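Subject: Structure for you to look over

Hello,

The structure we spoke about is below. Please read through my notes after it and keep them with the file.

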Amino acid sequence: MIRKIFIAFSLLLLIYMFWPTSSKISDFKALPNSAKSTLSGDTVQIPNVSAYFSNNFREFVIPFYIKNYQQNSHLPFPPLRLNHPPEYSWEVIKKHTETTYLEELVYPLKNSLYVNGYEIFRPDGTPIFYSVPKLEEAGEEWSTKATLRLYNSNILIRIIVWAGIVYSIILISKLSRKIIIE
Amino acid sequence: MNIPKLTSILNNSLFYLLLFLFAFIPLYPKFPLFNIPGVFVAVRIEDLLIALVAAIWLIFIWISKEWVILTKDNIFKAFALFFFIGLLSLFSAIFLTHTIVLHLGLLHFFRRIEFILLLPICATVFTTKKRLTFATGVLLLTLLTVNIYALGQQYLDWPVISTTNSEFSKGLILKLTPDARANSTFAGHYDLAVYLAIALVFLSVIFFIVKKFWKILILALGGFSLFVLILTAARVSFVAAFVGVISALFFAKKKKYLIPIFIILISVGAYPSQLRDRFVSTITVNLLNLGQRYEGRNLNQQLESKLNIPTLPYKMASRSALVSPFASATAGIPVDITPGEPINEVDLAVYRSFQIRLNIEWPRAANAFLKNPFLGLGYSSLGIATDNDFLRSLGEVGILGTFTFFLILLSIWKKIFKGIKNENRMIRFFSAGSLSMIITFLVNGLFIDVFEASKVASLFWIMLGLNLAVLNFREPISITRNGSPLSPRP
């Protein structure tokens, strides 16, 4: 019985890991009523990065990309949502990224979409701190900027990791039995 | 040179080198030999010495054919599996989750191999009672020296080497400031406290092995170590030490000695010390949320403290060059305090110590585990510390790596547990000490990354290796053997 459950689990894990998903940042939609950033560092300098100036706030941006990511992945469940300290954006987006929140949408063992938000105005238009800079793009002023970065993985890598996980579980199971009856 | 003679030379060389290491690892301050880019963990002389010992040991087990027996042992298999999963986790972290850089991941991976390898080395080399007696002597003298040096730092301004931040870890020679805590040669008071906790556990069982005169010396050394442990004011290690000593007395079947232990515990609790103050703060500030909190000097500061970067100005008009919006040292309030934090300095330190764990380190490890539950995000992905070894393990090597690590401990525990039923007093008490040391380490691991703290982690595996050797004693020294050095003789 345990063997059957394990085989079923291994096959399901393989299907999940093999299942195609978003592989490039252009697979993700632009935020509604936004202007795509043409600033240096937001276009081609760093792989799989794009940024949008808009008046959309976190409460809208994150659910928007969760839905978009799930649609791209054709999976029956949404990606996992992880909240990170904003300063982590220097590691996962790029150095000197301006940030007020950073979230990661992840399909474990597949790929991750980081969403970095820079919100310097409240929804009512008041600035969050004194002398906030202007967010200008396409000749307009905006309240927020959302930067996306996708970390993708190669299918071959995923298969190797899957094989390693399954093999490790088999070895652990055998060794546990030996140690317990020792 | 013939093979038996060469194995004998190698075996003797390993014995003397290990004796040297037993003193060198705890005593040599953490002076960096060379730094690794991207991290302030440095390679030190002791790493090279352990590598040298490991290289000689590999040659020794190869030519003595001991590796054939060794590789059949379950502990060895558990080590091999743990390292395999560690490598798989590194592979996944580099190519799948993109969460580490190769050289840092490998550095952390090899550090774990370095510490753990000391177990089979010691188990293979300390094959006689005479050798174990030498080892015990060196370890006790080292403990005495560590304690004396800690007192020197506390009261005589002896130099301090610390690795508590990136600047100190360059090998700066410092002095203890009035409220700072002694770290002796351990570069961090937490590491010293863990070392003393292990020492107290073993002293509590060695006390029953030795004869009368030595009992007094062991008792004195125990009292000295306890005093230095109190100076470190490390709450978790203090609790872990007492849990360890109590379990050692249980395993050694010396329950009547629990009464003096409880009397000592109550006395330490009653005596005014930084340790006692911190325990009180833990209850009043962290658990009961009591005590006066800083409210901020004005509305601006209260609002600014809610920003991601609290130093950003909220409203420029109320700022003045003369009146800082933050507290000043002259007001008797810490300069970097923010609204909501306790005003009292001890309370503040205790509060921050817990809040850093609760809001930064532990969630980071939990996120890492969620992102790859099987293999974690790889060694080095969580930075230098998580301050909870179980969460760190889950975050770095996932459920598979963590489970295998506990398999290692379980297989060692099962072997040593047989020792507490042995007729030989020394084997019985030593085994009681080792099992209690494992418990002490696990309790420490709830709030400190003990299995990654180089000096104490090395000593942990050394002591377990010695215990496995004790279970396998033979006289006179025999280079070739019939059973695994990691298993007791039938």
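**The sheet of chain A**

Strand β2 (residues 49-54) of chain A pairs with β8(A) in the antiparallel sense over six bridges; two strands pair if DSSP finds at least two bridges between them. Helices (H or I, at least four residues) and strands (E, at least two) are DSSP runs, numbered from the N terminus. A:Ser54 has A:Thr144 of β8(A) as its bridge partner.

This is a predicted model, in which local features need pLDDT of at least 70 and side-chain atom pairs count only at pLDDT 80 or more, while totals for chains, interfaces and linings use all residues. Residues are numbered from 1 along each chain as its sequence is written, and chains are lettered from A and ligands numbered from 1 in the order in which they are written.

The pair belongs to an open sheet of six strands in chain A, ordered β1-β2-β8-β5-β4-β3, with antiparallel pairing. At the edges stand β1 (35-36) and β3 of chain A, each with a single partner strand, so one side of each has no neighbour in the sheet.

Strand β5 (residues 111-119) of chain A is largely enclosed by the rest of the structure, because eight of its nine residues are buried (20 or more other C-beta atoms within 10 Å of the residue's own, with C-beta atoms placed from the backbone). β5(A) runs antiparallel to strand β8 (residues 144-151) of chain A, and eight bridges join the two. In that pairing A:Tyr118 has A:Lys145 of β8(A) as its bridge partner. β5(A) also pairs with strand β4 (residues 101-107) of chain A, in the antiparallel sense and over seven bridges. Here A:Leu102 is opposite A:Asn116 of β5(A). The hairpin of β4(A) and β5(A) has three residues between the strands, and A:Leu109 takes a positive phi near 70° in it.

**Helices of chain A**

Helix α2 (residues 58-73) of chain A lies across β3, β4, β5 and β8 of chain A and runs at about 160° to β5(A). Axes are lines fitted to C-alpha atoms, for helices over the stretch in contact, and angles run from 0 to 180 degrees between N-to-C directions.

Helix α1 (residues 2-18) of chain A and helix α4 (residues 155-181) of chain A have axes that come within 9 Å and cross at roughly 160°. α1(A) and α4(A) are therefore roughly antiparallel to each other (an angle over 145 degrees). Residues making the contact (C-beta atoms, placed from the backbone, within 7 Å) include A:Leu13 and A:Met17 of α1(A) and A:Trp162 and A:Val166 of α4(A). By class, this contact of α1(A) with α4(A) has seven nonpolar, one polar and one charged residues. Ala, Val, Leu, Ile, Met, Phe, Trp, Tyr, Cys and Pro count as nonpolar, Asp, Glu, Lys and Arg as charged, and the others, Gly among them, as polar.

**Where the chains meet**

In chain A, 27 residues are in contact with 32 residues of chain B. On the side of chain A that touches chain B, β3 (80-84) and α4 of chain A each supply at least two residues. α4(A) gives the most to that side, with twelve residues. By class, the side has 18 nonpolar, six polar and three charged residues.

**Helices of chain B**

In chain B, the axes of helix α1 (residues 3-27) and helix α2 (residues 45-63) come within 10 Å and cross at roughly 155°. α1(B) and α2(B) are therefore roughly antiparallel to each other.

Regards

Notes. Parallel < 35°, antiparallel > 145°, perpendicular 65-115°, else oblique. Contact = placed C-beta atoms within 7 Å. Buried ≥ 20, exposed ≤ 12 C-beta atoms within 10 Å, placed from the backbone.
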